[in-house]
Amino acid sequence: MKKAVPQAAALLLEKLLLLAHLRPLPAADTDRGEPPAPPSPPPPAAGCLQRGDLLEVPRTLFVHFGIYLGENRVAHLMPDILPALTDDRRQIQRVVTNKRLILGVVTKTASIRVDTVEDFAYGGSILVNHMDRLFKDRLLGSEEAARRAEKLVGATAYSLLWNNCEHFVTYCRYGAPVSLQTDKFCETVKMIIRDQRSVLASVLVGLAAVVCLGLAPSTTLPTILVTFLLWMAG
């Protein structure tokens, strides 16, 4: 029973990460007689990309980033447990499986790896230098961006919020690690905390836990503590 909980949690996380990599096609509107929407366009040909370009691939739950190095190669940061376990480049360079990715997230280990444009895109559409409009004053030269990316290739630390693929590419192309996705997430959390309805929700969840699991320190103390913290932070 004790092993079932972490196994179930790992399975759930694996499914969420798999969902984040998928781009399901919307169904056709048969009532209106409309045809299904066309699939996502293929990645741009390598000849259309310039060395040092910042590439974005929108996923379902997040956006993945990389720096184009030329010759159909992209440097990008991915959570991966394998570089912490072995120095065998052949094993590390293989496609990162969901298990490797999950263990990398949990253990906060990653690698900045070089893959083909097709493997990087994973079937998604690619935006090129889409963030340049937000960082016009910080834009470095394309060659400098590519060189920075190449210097960082290899094992590295990972943090979902503070050191992810977006931090990597913004450091390379704009000179400072920034993550707009992290900023947006933190703002959302701040809004939830400030919303007084969160206090009521925490009370209801706590009462439900007490009813289902019984009156015990493991149920009452978290309820009181979380409710108090939300009330004081609101």
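1. A search of the whole structure, which is a predicted model, finds zero disulfides. A pair would need its cysteine sulfur atoms within 2.5 Å. C165 is buried, at a relative accessible area of 9%. C186 is partly exposed, at 28%.

2. Aromatic pair. The count of aromatic pairs comes to one. The partners are F135 and Y174, and their rings are stacked. Their centres lie 4.7 Å apart, with 20° between the planes.

3. What the pair connects. F135 sits in the loop between β5 (127-128) and α5 (142-151). Y174 belongs to helix α6 (residues 165-174). The pair therefore ties together parts that are 39 residues apart in sequence. Are these two residues buried or exposed? Both F135 and Y174 are buried.

4. Charge over a ring. Y171 has a charged group over its ring. The group is the charged end of R148, placed 4.6 Å from the ring centre.

5. Nonpolar surface patch. Which residues make the nonpolar surface patch? They are L200, L204 and L207. The patch covers about 310 Å². L207 is placed in helix α8, which spans residues 197-213.

How values were computed. Residues numbered from 1 in each chain as written. Predicted model: local features only at pLDDT ≥ 70, side-chain atom pairs only at ≥ 80, totals over all residues. Heavy atoms only, no water. Phe/Tyr/Trp six-rings, centres within 6.5 Å; stacked < 30°, edge-to-face > 60°. Helix = DSSP H or I, 4+ residues; strand = E, 2+ residues; numbered from the N terminus. Buried < 20%, exposed > 50% of the residue type's maximum accessible area, 1.4 Å probe, protein only. Lys NZ or Arg CZ within 6 Å of the ring centre and 35° of its normal. Patch = residues over 30% accessible without salt bridge, like charges linked within 9 Å, V, L, I, M, F, W, Y side chains within 5 Å. Areas by Shrake-Rupley, 256 points an atom, 1.4 Å probe, with all protein chains shown as cover. Salt bridge = Lys/Arg side-chain N within 4 Å of Asp/Glu carboxyl O.
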